[in-house]
Amino acid sequence: MSVRVKVRNNRQIIVPLRFGRAVTGDSVVDAPDVDDRGFAMGNRPGTWGSTTARGAMVGITAGDTVRIKVLREDIDDTASLFVTSSDTSVVTVTAPQGALAADGIFSIKGLVDVISVPVKIQVRLGSASGPVLGEMEPHIFQLRQVRVVAHLVSINGTPTSRSADDLVQLFQDVNVIWRAAGIEFVYNQDETLQGASESLTQFATAGTVTTHLDPNPPDYREFSKVINLSPDANGINVYFVQAANEWTGLTYDHDTARPDGYGVVLVDDGDAHALAHELGHFLDLDIHAGEDRQGHHARDDIDSERRVMFDLRRLDSDQPAYRHDVGYGDLVPGNLIDLKDFSSDQSDGALARSRRRSLNPF
Ligand SMILES: [Zn+2]
(Lines give C-alpha, C1' and ligand atoms only; values in the text may rest on other atoms or scores of the structure.)
Protein backbone atom coordinates (compact mmCIF):
# COMPACT_ATOMS: atom_id res chain seq x y z
CA MET A 1 0.00 0.00 0.00
CA SER A 2 1.33 3.40 -0.81
CA VAL A 3 0.82 6.35 1.48
CA ARG A 4 0.59 9.89 0.20
CA VAL A 5 2.16 12.47 2.42
CA LYS A 6 2.17 16.20 2.02
CA VAL A 7 4.65 17.82 4.37
CA ARG A 8 3.91 21.43 5.14
CA ASN A 9 6.40 24.21 5.76
CA ASN A 10 9.13 21.97 7.11
CA ARG A 11 7.05 21.54 10.23
CA GLN A 12 6.02 17.95 9.72
CA ILE A 13 8.23 14.94 9.25
CA ILE A 14 7.48 11.28 8.80
CA VAL A 15 9.81 9.08 10.81
CA PRO A 16 9.17 5.33 10.67
CA LEU A 17 11.53 4.48 13.52
CA ARG A 18 12.56 5.60 16.99
CA PHE A 19 15.61 5.25 19.21
CA GLY A 20 15.59 3.79 22.71
CA ARG A 21 17.58 2.08 25.43
CA ALA A 22 19.29 -1.16 24.41
CA VAL A 23 18.13 -2.75 27.68
CA THR A 24 15.18 -2.70 30.05
CA GLY A 25 15.30 -2.90 33.82
CA ASP A 26 18.15 -1.47 35.89
CA SER A 27 20.52 1.07 34.37
CA VAL A 28 23.48 -0.45 32.53
CA VAL A 29 26.60 1.63 32.05
CA ASP A 30 26.93 1.15 28.29
CA ALA A 31 23.19 1.39 27.53
CA PRO A 32 22.17 4.97 28.32
CA ASP A 33 18.60 6.15 28.25
CA VAL A 34 17.72 8.25 25.24
CA ASP A 35 15.99 11.59 25.53
CA ASP A 36 13.32 11.04 22.89
CA ARG A 37 10.90 13.67 24.13
CA GLY A 38 9.75 15.00 20.79
CA PHE A 39 11.61 15.59 17.54
CA ALA A 40 12.41 19.24 18.19
CA MET A 41 15.75 19.86 19.85
CA GLY A 42 14.63 22.55 22.30
CA ASN A 43 16.80 25.22 23.89
CA ARG A 44 20.49 24.43 23.82
CA PRO A 45 23.50 25.63 25.78
CA GLY A 46 25.63 27.82 23.51
CA THR A 47 28.47 25.31 23.55
CA TRP A 48 26.37 22.67 21.82
CA GLY A 49 25.98 24.69 18.62
CA SER A 50 22.91 24.63 16.45
CA THR A 51 21.74 21.65 14.45
CA THR A 52 19.21 20.72 11.82
CA ALA A 53 18.77 17.30 13.46
CA ARG A 54 15.22 16.28 14.29
CA GLY A 55 15.12 13.47 16.79
CA ALA A 56 16.37 12.06 20.06
CA MET A 57 19.50 13.00 22.00
CA VAL A 58 21.86 10.90 24.07
CA GLY A 59 24.85 11.72 26.27
CA ILE A 60 28.14 9.78 26.10
CA THR A 61 31.27 10.14 28.24
CA ALA A 62 34.25 10.76 25.97
CA GLY A 63 35.96 7.47 25.17
CA ASP A 64 32.91 5.31 25.92
CA THR A 65 31.16 3.02 23.49
CA VAL A 66 27.42 2.70 24.10
CA ARG A 67 24.59 0.62 22.71
CA ILE A 68 21.35 2.12 21.41
CA LYS A 69 18.36 0.38 19.92
CA VAL A 70 16.46 1.29 16.77
CA LEU A 71 12.75 0.62 17.24
CA ARG A 72 10.96 -0.16 14.00
CA GLU A 73 7.60 1.53 14.35
CA ASP A 74 6.34 1.81 10.79
CA ILE A 75 8.76 -0.19 8.70
CA ASP A 76 9.05 -3.88 7.85
CA ASP A 77 11.25 -6.04 10.05
CA THR A 78 13.04 -7.13 6.91
CA ALA A 79 13.91 -3.64 5.64
CA SER A 80 17.68 -3.33 5.55
CA LEU A 81 18.88 -0.47 7.78
CA PHE A 82 22.37 1.04 8.10
CA VAL A 83 23.66 3.38 10.81
CA THR A 84 26.07 6.19 9.95
CA SER A 85 27.75 9.12 11.70
CA SER A 86 27.84 12.56 10.11
CA ASP A 87 31.22 13.31 11.71
CA THR A 88 33.48 10.37 12.48
CA SER A 89 36.03 12.62 14.16
CA VAL A 90 33.51 13.06 16.98
CA VAL A 91 31.42 9.87 17.01
CA THR A 92 32.03 6.60 15.18
CA VAL A 93 29.65 3.70 14.59
CA THR A 94 31.52 0.67 15.93
CA ALA A 95 28.84 -1.96 15.26
CA PRO A 96 27.35 -3.41 13.24
CA GLN A 97 29.71 -3.35 10.26
CA GLY A 98 26.86 -3.93 7.81
CA ALA A 99 23.10 -3.85 8.15
CA LEU A 100 21.39 -3.70 11.56
CA ALA A 101 20.52 -7.08 13.02
CA ALA A 102 16.96 -7.97 13.99
CA ASP A 103 17.48 -6.72 17.56
CA GLY A 104 18.04 -3.20 16.19
CA ILE A 105 21.03 -2.56 18.46
CA PHE A 106 23.99 -0.54 17.26
CA SER A 107 27.08 0.76 19.05
CA ILE A 108 28.63 4.19 18.82
CA LYS A 109 31.80 5.53 20.36
CA GLY A 110 32.09 9.11 21.60
CA LEU A 111 35.59 10.29 20.82
CA VAL A 112 35.95 13.88 21.95
CA ASP A 113 34.07 16.62 23.77
CA VAL A 114 34.25 19.51 21.35
CA ILE A 115 32.46 22.83 21.48
CA SER A 116 29.80 23.52 18.88
CA VAL A 117 30.34 20.50 16.65
CA PRO A 118 26.91 18.90 16.45
CA VAL A 119 26.91 15.41 15.01
CA LYS A 120 24.09 13.23 13.74
CA ILE A 121 23.66 9.48 13.92
CA GLN A 122 21.49 8.54 11.00
CA VAL A 123 19.62 5.39 10.10
CA ARG A 124 19.50 4.86 6.35
CA LEU A 125 17.51 2.58 4.11
CA GLY A 126 19.22 -0.04 1.94
CA SER A 127 22.83 1.03 2.28
CA ALA A 128 25.18 3.34 4.16
CA SER A 129 24.48 5.98 1.53
CA GLY A 130 20.73 5.37 1.36
CA PRO A 131 18.00 7.85 2.31
CA VAL A 132 17.81 8.87 5.97
CA LEU A 133 14.81 7.39 7.78
CA GLY A 134 15.59 8.73 11.22
CA GLU A 135 18.31 10.56 13.09
CA MET A 136 19.47 11.36 16.58
CA GLU A 137 22.11 13.56 18.15
CA PRO A 138 24.74 12.30 20.57
CA HIS A 139 26.62 14.70 22.85
CA ILE A 140 30.07 13.81 24.09
CA PHE A 141 31.13 14.94 27.56
CA GLN A 142 34.59 14.96 29.04
CA LEU A 143 34.45 12.98 32.30
CA ARG A 144 34.28 15.25 35.31
CA GLN A 145 34.97 13.80 38.76
CA VAL A 146 33.22 15.18 41.81
CA ARG A 147 34.46 14.15 45.26
CA VAL A 148 31.99 12.92 47.84
CA VAL A 149 32.57 12.60 51.57
CA ALA A 150 30.43 9.99 53.29
CA HIS A 151 29.30 10.19 56.91
CA LEU A 152 27.73 7.23 58.74
CA VAL A 153 25.48 8.81 61.32
CA SER A 154 23.85 7.43 64.43
CA ILE A 155 20.97 9.32 66.00
CA ASN A 156 20.26 8.93 69.72
CA GLY A 157 22.49 5.85 69.56
CA THR A 158 20.80 4.18 66.56
CA PRO A 159 23.21 4.00 63.59
CA THR A 160 22.62 3.62 59.89
CA SER A 161 22.82 -0.02 58.86
CA ARG A 162 25.25 0.83 56.04
CA SER A 163 28.98 0.30 56.31
CA ALA A 164 31.83 2.12 54.62
CA ASP A 165 32.25 -1.00 52.44
CA ASP A 166 28.60 -0.94 51.32
CA LEU A 167 29.11 2.52 49.94
CA VAL A 168 31.61 1.36 47.32
CA GLN A 169 28.92 -0.57 45.46
CA LEU A 170 26.29 2.11 46.06
CA PHE A 171 28.40 4.83 44.47
CA GLN A 172 29.35 2.50 41.61
CA ASP A 173 25.65 2.06 40.89
CA VAL A 174 25.10 5.80 41.12
CA ASN A 175 27.90 6.36 38.64
CA VAL A 176 26.27 3.99 36.16
CA ILE A 177 23.27 6.33 36.18
CA TRP A 178 25.36 9.51 35.84
CA ARG A 179 27.73 8.13 33.20
CA ALA A 180 25.72 9.54 30.28
CA ALA A 181 26.24 13.02 31.74
CA GLY A 182 30.00 12.55 31.97
CA ILE A 183 29.93 12.95 35.76
CA GLU A 184 31.53 10.57 38.24
CA PHE A 185 31.08 10.81 42.01
CA VAL A 186 34.33 9.76 43.64
CA TYR A 187 33.98 7.95 46.95
CA ASN A 188 37.52 7.06 47.95
CA GLN A 189 37.25 4.74 50.90
CA ASP A 190 40.98 4.97 51.58
CA GLU A 191 40.83 8.64 52.55
CA THR A 192 41.08 9.46 56.23
CA LEU A 193 37.66 10.09 57.79
CA GLN A 194 35.87 8.79 54.69
CA GLY A 195 32.85 6.86 55.89
CA ALA A 196 33.46 8.06 59.43
CA SER A 197 30.94 7.19 62.14
CA GLU A 198 29.43 10.25 63.74
CA SER A 199 26.66 10.69 66.23
CA LEU A 200 23.89 13.09 67.06
CA THR A 201 21.75 13.13 70.15
CA GLN A 202 18.58 14.76 71.44
CA PHE A 203 16.62 14.13 68.25
CA ALA A 204 12.91 13.46 68.55
CA THR A 205 13.17 9.79 67.54
CA ALA A 206 16.15 7.42 67.69
CA GLY A 207 17.65 6.70 64.26
CA THR A 208 15.30 9.16 62.58
CA VAL A 209 15.54 12.64 61.11
CA THR A 210 12.23 14.31 61.80
CA THR A 211 11.10 17.23 59.62
CA HIS A 212 7.84 18.97 58.86
CA LEU A 213 8.37 20.30 55.37
CA ASP A 214 4.78 21.18 54.57
CA PRO A 215 3.68 23.67 57.20
CA ASN A 216 4.53 27.27 56.70
CA PRO A 217 7.16 27.92 57.92
CA PRO A 218 8.66 24.44 57.50
CA ASP A 219 10.66 22.81 60.27
CA TYR A 220 13.88 21.23 59.04
CA ARG A 221 16.01 21.84 62.14
CA GLU A 222 17.01 18.18 62.56
CA PHE A 223 17.95 17.94 58.88
CA SER A 224 20.03 21.07 59.29
CA LYS A 225 21.83 19.56 62.29
CA VAL A 226 22.76 16.51 60.20
CA ILE A 227 24.16 18.43 57.24
CA ASN A 228 26.24 20.62 59.53
CA LEU A 229 27.95 17.62 61.09
CA SER A 230 31.72 17.88 60.34
CA PRO A 231 31.24 18.96 56.75
CA ASP A 232 34.25 18.72 54.45
CA ALA A 233 34.50 21.88 52.37
CA ASN A 234 36.00 20.06 49.39
CA GLY A 235 33.38 17.45 48.68
CA ILE A 236 29.68 16.69 48.55
CA ASN A 237 28.91 15.64 52.10
CA VAL A 238 26.52 12.69 52.07
CA TYR A 239 25.06 11.65 55.42
CA PHE A 240 23.65 8.16 55.79
CA VAL A 241 21.02 7.72 58.49
CA GLN A 242 18.64 4.92 59.33
CA ALA A 243 15.35 6.70 58.67
CA ALA A 244 13.45 9.94 58.21
CA ASN A 245 9.81 10.63 58.88
CA GLU A 246 8.99 12.33 55.56
CA TRP A 247 11.47 11.33 52.86
CA THR A 248 14.01 8.87 51.47
CA GLY A 249 16.58 11.55 50.71
CA LEU A 250 16.76 15.29 51.23
CA THR A 251 19.29 17.71 49.80
CA TYR A 252 20.21 21.36 49.88
CA ASP A 253 22.84 22.55 47.46
CA HIS A 254 25.33 25.34 48.12
CA ASP A 255 22.74 28.00 47.30
CA THR A 256 21.65 27.49 50.90
CA ALA A 257 24.43 28.93 53.04
CA ARG A 258 25.39 27.70 56.47
CA PRO A 259 24.20 27.73 59.19
CA ASP A 260 21.13 26.32 57.39
CA GLY A 261 23.67 24.35 55.48
CA TYR A 262 23.95 22.13 52.46
CA GLY A 263 24.52 18.45 51.90
CA VAL A 264 22.71 15.20 51.15
CA VAL A 265 20.95 12.92 53.63
CA LEU A 266 19.89 9.42 52.58
CA VAL A 267 18.01 6.84 54.64
CA ASP A 268 18.76 3.11 54.67
CA ASP A 269 15.88 2.40 52.28
CA GLY A 270 17.35 4.71 49.67
CA ASP A 271 18.82 2.89 46.68
CA ALA A 272 21.16 4.02 43.89
CA HIS A 273 18.30 5.71 42.07
CA ALA A 274 17.42 7.70 45.19
CA LEU A 275 21.02 8.74 45.77
CA ALA A 276 21.53 9.62 42.09
CA HIS A 277 18.39 11.77 42.37
CA GLU A 278 19.65 13.52 45.53
CA LEU A 279 23.04 14.18 43.96
CA GLY A 280 21.12 15.72 41.08
CA HIS A 281 19.54 18.09 43.59
CA PHE A 282 23.05 18.93 44.82
CA LEU A 283 24.08 19.71 41.24
CA ASP A 284 21.51 22.49 40.96
CA LEU A 285 18.53 20.40 39.86
CA ASP A 286 16.21 22.00 42.36
CA ILE A 287 12.88 21.28 40.77
CA HIS A 288 11.36 17.84 40.27
CA ALA A 289 10.41 16.69 36.79
CA GLY A 290 6.81 17.68 36.23
CA GLU A 291 6.78 20.31 38.99
CA ASP A 292 6.50 24.05 38.65
CA ARG A 293 8.81 26.49 40.37
CA GLN A 294 6.60 26.66 43.43
CA GLY A 295 7.12 22.93 43.87
CA HIS A 296 3.54 22.18 42.87
CA HIS A 297 3.04 18.89 41.16
CA ALA A 298 2.04 19.86 37.64
CA ARG A 299 2.39 16.65 35.60
CA ASP A 300 3.15 12.99 35.98
CA ASP A 301 3.24 11.86 32.38
CA ILE A 302 5.43 8.91 31.43
CA ASP A 303 8.19 11.18 30.14
CA SER A 304 8.42 12.85 33.53
CA GLU A 305 8.41 9.51 35.33
CA ARG A 306 11.37 8.35 33.25
CA ARG A 307 13.53 11.24 34.36
CA VAL A 308 15.82 10.76 37.33
CA MET A 309 14.53 13.99 38.87
CA PHE A 310 10.94 12.76 39.03
CA ASP A 311 9.80 12.69 42.64
CA LEU A 312 9.64 8.97 43.32
CA ARG A 313 6.86 9.42 45.89
CA ARG A 314 4.60 10.31 42.95
CA LEU A 315 4.78 6.89 41.32
CA ASP A 316 1.61 5.22 42.37
CA SER A 317 -0.06 1.93 41.66
CA ASP A 318 -3.44 3.57 41.06
CA GLN A 319 -2.27 4.66 37.64
CA PRO A 320 -3.36 2.65 34.60
CA ALA A 321 -1.33 -0.55 34.20
CA TYR A 322 0.52 0.63 31.09
CA ARG A 323 2.09 3.37 33.18
CA HIS A 324 3.52 1.11 35.84
CA ASP A 325 6.68 0.35 33.90
CA VAL A 326 8.62 3.16 32.26
CA GLY A 327 11.38 0.77 31.16
CA TYR A 328 13.01 0.13 34.52
CA GLY A 329 10.64 -2.39 36.07
CA ASP A 330 7.27 -2.41 37.77
CA LEU A 331 6.66 0.89 39.59
CA VAL A 332 10.33 1.80 39.35
CA PRO A 333 11.16 5.37 38.35
CA GLY A 334 13.53 5.95 35.45
CA ASN A 335 17.09 7.23 35.42
CA LEU A 336 17.08 9.48 32.37
CA ILE A 337 19.13 12.63 32.86
CA ASP A 338 17.35 14.70 30.27
CA LEU A 339 19.34 16.58 27.65
CA LYS A 340 16.48 18.39 25.97
CA ASP A 341 15.24 21.66 27.34
CA PHE A 342 11.79 22.64 26.19
CA SER A 343 11.18 24.76 29.29
CA SER A 344 8.01 22.69 29.54
CA ASP A 345 8.78 22.60 33.21
CA GLN A 346 11.49 24.21 35.27
CA SER A 347 13.45 21.00 35.66
CA ASP A 348 14.03 20.55 31.94
CA GLY A 349 17.56 20.41 30.53
CA ALA A 350 18.93 18.68 33.63
CA LEU A 351 22.13 17.47 32.04
CA ALA A 352 23.51 20.83 30.97
CA ARG A 353 22.57 22.44 34.29
CA SER A 354 24.16 19.74 36.40
CA ARG A 355 27.35 19.84 34.35
CA ARG A 356 27.52 23.59 34.81
CA ARG A 357 27.21 23.19 38.59
CA SER A 358 29.73 20.32 38.62
CA LEU A 359 32.41 22.89 37.80
CA ASN A 360 31.75 24.58 41.14
CA PRO A 361 29.69 22.15 43.20
CA PHE A 362 30.78 22.68 46.82
ZN1 LIG B 1 13.80 15.06 45.05
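Modeller: Keep in mind that this is a predicted model. A compact globule of 362 residues would have a radius of gyration near 21 Å, and the protein has 22 Å, so the two agree. The C-alpha atoms fill a box of roughly 75 × 45 × 35 Å along the principal axes.

Colleague: How many helices and strands in the protein?

Modeller: There are 5 helices and 17 strands. Buried residues account for 40% of the 362 residues. Of the contacts between residues at least 6 apart in sequence, 69% join residues at least 24 apart.

Colleague: What does the domain assignment give?

Modeller: Domain 1 covers 17-141, and domain 2 is made of 144-288 + 330-358. Their centres, taken over C-alpha atoms, are separated by 32 Å. Domain 1 puts 18 residues into the contact and domain 2 puts in 20 residues.

Colleague: Which strands supply at least two residues of the side of domain 1 that touches domain 2?

Modeller: Strand E2 (55-61) and strand E8 (132-141) each do. E2 gives the largest share, with 5 residues. By class, that side of domain 1 has 9 nonpolar, 6 polar and 3 charged residues.

Colleague: Switching to helices. At what angle do the axes of H1 and H3 cross?

Modeller: Roughly 65 degrees, for helix H1 (residues 166-178) and helix H3 (residues 272-282), and the axes come within 9 Å. The crossing is right-handed.

Colleague: And which residues make the contact?

Modeller: From H1, Leu170, Asp173, Val174, Ile177 and Trp178; from H3, Ala272, Leu275, Ala276 and Leu279. By class, this contact of H1 with H3 has 8 nonpolar, no polar and 1 charged residues.

Colleague: Is H3 mostly covered or mostly uncovered?

Modeller: Mostly covered, with 9 of its 11 residues buried.

Colleague: Which residues of H3 are buried?

Modeller: His273, Leu275, Ala276, His277, Glu278, Leu279, Gly280, His281 and Phe282. Leu275, Ala276 and Leu279 of H3 also take part in the contact with H1.

Colleague: What else do the buried residues of H3 pack against?

Modeller: Besides H1, they pack against strand E11 (183-186), strand E14 (236-241), strand E16 (249-252), strand E17 (263-267) and helix H5 (350-358).

Colleague: Last one: which residue just after H3 takes a positive phi?

Modeller: That is Asp284, with a phi of about 75 degrees.

Notes
Residues numbered from 1 in each chain as written. Predicted model: local features only at pLDDT ≥ 70, side-chain atom pairs only at ≥ 80, totals over all residues. Domains from an automatic or database assignment. Contact = placed C-beta atoms within 7 Å. Helix = DSSP H or I, 4+ residues; strand = E, 2+ residues; numbered from the N terminus. Nonpolar A, V, L, I, M, F, W, Y, C, P; charged D, E, K, R; others polar. Axes fitted to C-alpha atoms, helices over the stretch in contact; angles between N-to-C directions. Left-handed = near helix turned anticlockwise from the far one by under 90°. Rg over C-alpha atoms; globule rule 2.2 N^0.38 Å. Buried ≥ 20, exposed ≤ 12 C-beta atoms within 10 Å, placed from the backbone.
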